[in-house]
Amino acid sequence: MNKRIRLRDLLRLMRPRHYIKNFLIFVSITFDRNLFNPSVMRQGLLGFAAFCLLASAVYVLNDIRDVEADRLHEVKRNRPVASGAVPIPAAWALSGTLFAAALAIQLAAFGLRGSGLLLAYFAVNLGYSLGLKHVPFLDIVLLVSGFVLRVVYGAAIVGSSTSAWVYLTVFALSFYLGLGKRRNELVKLPPGGGSTRKVLQYYSYEFLDKFMYLCLTLAVTFYALWSADSEVASKYGTDKLVWTVPLLIIILMKYSADIESSSYGDPVDVILQDKVLLLLGVLFGLVIVGLIYVPGL
């Protein structure tokens with residue numbers, strides 16, 4: 001008798017919590033002062049939907065690929081495929097449906113514009129799932145590329161432009177997040193030293209910790225240079241953006257404190273489980289939007 005698959009388990013398999021990362025699509029829209037432009041926002045939301053569906057297709061593929069390793073992990077063994085809540089054939093069908101839906105939205109809304117970037121994201125993550133995540137250093141580069149591709153895709157679908165300082169900030173922050181995730185996975189190794197993530201044997205805590213905070217320093221520096229740039233001040237008609245730097249530092253201090261505790265270092269889990277950090281992030285966003293969009297603020 002076939003086991004009935006619950007909708008709740010299918011939704012968990014899609015990992016909608018991770019859609020928070022896809023808000024990076026709106027970075028260029030925000031900085032291009034189009035956040036309240038209905039036509040541009042409509043395009044941004046369609047791109048957001050396409051990216052979310054494609055990301056879910058990737059998450060499902062990854063869970064299928066890692067099912068045996070996940071069953072040996074103290075947390076991942078509860079995932080729908082690893083636990084048996086969603087059979088592998090059903091997971092394959094779900095992934096294919098999500099991929100087709102994402103591609104349909106992309107082509108209907110934008111044609112070929114941005115399609116290459118969307119497919120590049122899929123290819124990068126497919127390669128990651130198929131084994132590139134076991135290649136030291138490349139695994140972190142692929143994690144970083146996922147964040148950066150979101151920003152570039154958002155700019156491409158609406159034809160907006162973003163300062164090079166913003167891209168450098170995203171790059172540095174992405175490396176900080178990726179290195180932090182690996183560092184905490186290394187810290188969480190079981191007493192015998194075994195791990196379901198083989199690449200960890202190539203890293204040391206000292207190496208990951210050192211470069212993690214180097215990238216954090218670079219991120220703050222790049223953001224500060226953007227906020228103090230005379231062209232940026234002229235574009236937005238304000239020189240007060242520099243005062244958002246201390247708020248960014250406070251947010252990153254809070255995030256660092258969280259991952260120095262008992263966290264596995266997954267950025268989504270860290271942000272959503274810390275209400276203070278989430279509130280600070282919302283406040284930061286509101287201040288940025290206010291300074292960019294409200295004259296004389």
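## Before we start

This is a predicted model, so to speak of local features needs pLDDT of at least 70, while side-chain atom pairs count only at pLDDT 80 or more, and totals for chains, interfaces and linings use all residues. Residues are numbered from 1 along each chain as its sequence is written, and side-chain values use heavy atoms, with hydrogens and water left out.

Helices here are DSSP runs (H or I, at least four residues), numbered from the N terminus.

## Helix 8 meets helix 9

Start with helix 8 (residues 138-158) and helix 9 (residues 164-187), which pack at an angle of about 145° with their axes 9 Å apart. The axes are lines fitted to C-alpha atoms over the stretch in contact, and angles run from 0 to 180 degrees between N-to-C directions. Helix 8 makes a right-handed crossing with helix 9, meaning that the near helix is turned clockwise from the far one by less than a right angle.

Contact means heavy atoms within 4.5 Å.

Glycine 180 is buried, at 3% relative accessible area; buried means under 20%, exposed over 50%, and partly exposed in between (1.4 Å probe, protein chains only). Its C-alpha is 9.2 Å from that of phenylalanine 211, 31 residues apart along the chain.

## Helix 10

Helix 10 has 23 residues and reaches 33 Å from its first C-alpha to its last, close to the 33 Å expected. That expected span is 1.5 Å times one less than the number of residues. Its buried residues, among them Met212, Leu216 and Trp226, pack against helix 2, helix 8, helix 9, helix 11, helix 12 and helix 14.

Leaving aside neighbours within four places in sequence, tyrosine 213 touches Tyr176, Arg183, Ser256 and Glu260.

Helix 14 (residues 275-293) has 19 residues. Aspartate 274 caps its N-terminal end, with a side-chain oxygen 3.0 Å from the backbone nitrogen of valine 276. Buried residues in helix 14 include Leu280, Phe284 and Ile288, and what covers the buried ones includes helix 10 and helix 12.

Threonine 244 lies in the loop between helix 11 (230-236) and helix 12 (245-259). Threonine 244 is buried, with a relative accessible area of 2%. Not counting residues up to four places away in sequence, threonine 244 touches Tyr223, Phe284, Val287, Ile288 and Leu291.

Most residues other than glycine have a negative phi. Arginine 15 has a positive one, near 55°, and phenylalanine 137 has a positive one near 75°.

Arginine 15 is in the loop between helix 1 (7-14) and helix 2 and counts as buried at 14% relative accessibility. Phenylalanine 137 is in the loop between helix 7 (115-130) and helix 8 and counts as partly exposed at 46%.

Definitions and conventions
Helices (H or I, at least four residues) and strands (E, at least two) are DSSP runs, numbered from the N terminus. A polar contact is a pair of N or O atoms within 3.5 Å; within protein, one must be able to donate a hydrogen and the other to accept it, and residues adjacent in sequence count only if both atoms are side-chain atoms.
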